[in-house]
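Here is a briefing for a reader who has not seen this structure before. Please look through the sequence and the model, then read the notes below.

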Amino acid sequence: MIDARELRIGNIVYFNNYEQLDIDQIKTLTFIDFEQICYDKHANRFSPIQLTQEILEKWCGFEKIDFDYFELKAEKNYYCHIDELGFGFALEHETFYICEYVHELQNLYFALTGEELKVNYEKNI
């Protein structure tokens with residue numbers, strides 16, 4: 001289950017508390033979903049999607065530029081560094097923020113850039 005305070009409309013999550021990578025069980029949150037989660041009507045039906053290198057590259061458009069560095073080219077470059085702490089994200093190599101789930105990455109990207117991160121989860125992994 002996900003804490004509603006972590007979510008925004010447009011976040012990508014598992015639906016029906018599914019925890020395996022299955023395209024049919026992934027959902028982009030709508031206003032109605034968000035309302036149900038906030039009022040705890042169906043909060044237990046949604047769960048986060050764990051970030052992986054494959055998701056970072058195939059769904060989010062990052063490119064591997066070094067052993068453990070990835071880059072998303074935009075007006076300002078957005079970087080990911082993977083280490084023992086997990087996935088660290090930064091805009092222009094400034095402070096790195098740790099993200100564990102896809103929705104956290106979406107929210108961080110929006111907070112840093114003011115734009116939505118395009119996540120194409122229909123690409124097979």
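Predicted model: local features only at pLDDT ≥ 70, side-chain atom pairs only at ≥ 80, totals over all residues.

Residues are numbered from 1 along each chain as its sequence is written, and side-chain values use heavy atoms, with hydrogens and water left out.

- Helices (H or I, at least four residues) and strands (E, at least two) are DSSP runs, numbered from the N terminus.
- Two strands are said to pair if DSSP finds at least two bridges between them.
- Strand 6 covers residues 78–83 and pairs with strand 7 in the antiparallel sense, over six bridges.
- Two residues make up the link in the hairpin that joins strand 6 to strand 7.
- Within this pairing, Asp 83 has Gly 86 of strand 7 as its bridge partner.
- Strand 7 (residues 86–91) is largely enclosed by the rest of the structure, because six of its six residues are buried; buried means under 20% relative accessible area, exposed over 50%, and partly exposed in between (1.4 Å probe, protein chains only).
- Strand 7 is also joined to strand 8 (residues 97–99), by three bridges and in the antiparallel sense.
- Phe 87 has Cys 99 of strand 8 as its bridge partner.
- Five residues lie between strand 7 and strand 8 in their hairpin, and Glu 92 in the turn has a positive phi of about 55°.

- An open sheet is formed by three strands in the order 2-1-3, with antiparallel pairing.
- Its edge strands are strand 2 (26–28) and strand 3 (46–47), each of which pairs on one side only.
- Strand 1 (residues 12–15) is joined to strand 2 by three bridges, and the two run antiparallel.
- Val 13 stands opposite Lys 27 of strand 2.

**Cysteines**

- Zero disulfides are found in a search of the whole structure, a disulfide being a pair of cysteine sulfur atoms within 2.5 Å.
- For Cys 99, the closest cysteine sulfur is in turn that of Cys 80.
- Cys 80 counts as buried, at 0% relative accessibility, and Cys 99 is buried as well, with a relative accessible area of 4%.

**The salt bridge**

- Side chains of opposite charge can pair when their charged atoms come close.
- A salt bridge here is a side-chain nitrogen of Lys or Arg within 4 Å of a carboxyl oxygen of Asp or Glu, and the count by this rule is one.
- Glu 116 forms a salt bridge with Arg 8, and their closest N and O atoms are 2.8 Å apart.
- This pair links distant parts of the chain, 108 residues apart: Glu 116 is in the segment after helix 3 (102–113), and Arg 8 is in the segment before strand 1.
- Glu 116 counts as partly exposed at 43% relative accessibility, and Arg 8 is partly exposed with a relative accessible area of 22%.

**Asn 107**

- Asn 107 is found in helix 3 and counts as buried, at 18% relative accessibility.
- Leaving aside neighbours within four places in sequence, Asn 107 is in contact with Glu 6, Arg 8 and Asn 11, where contact means heavy atoms within 4.5 Å.
- Asn 107 and Asn 11 are 96 residues apart along the chain, and their C-alpha atoms are separated by 7.9 Å.
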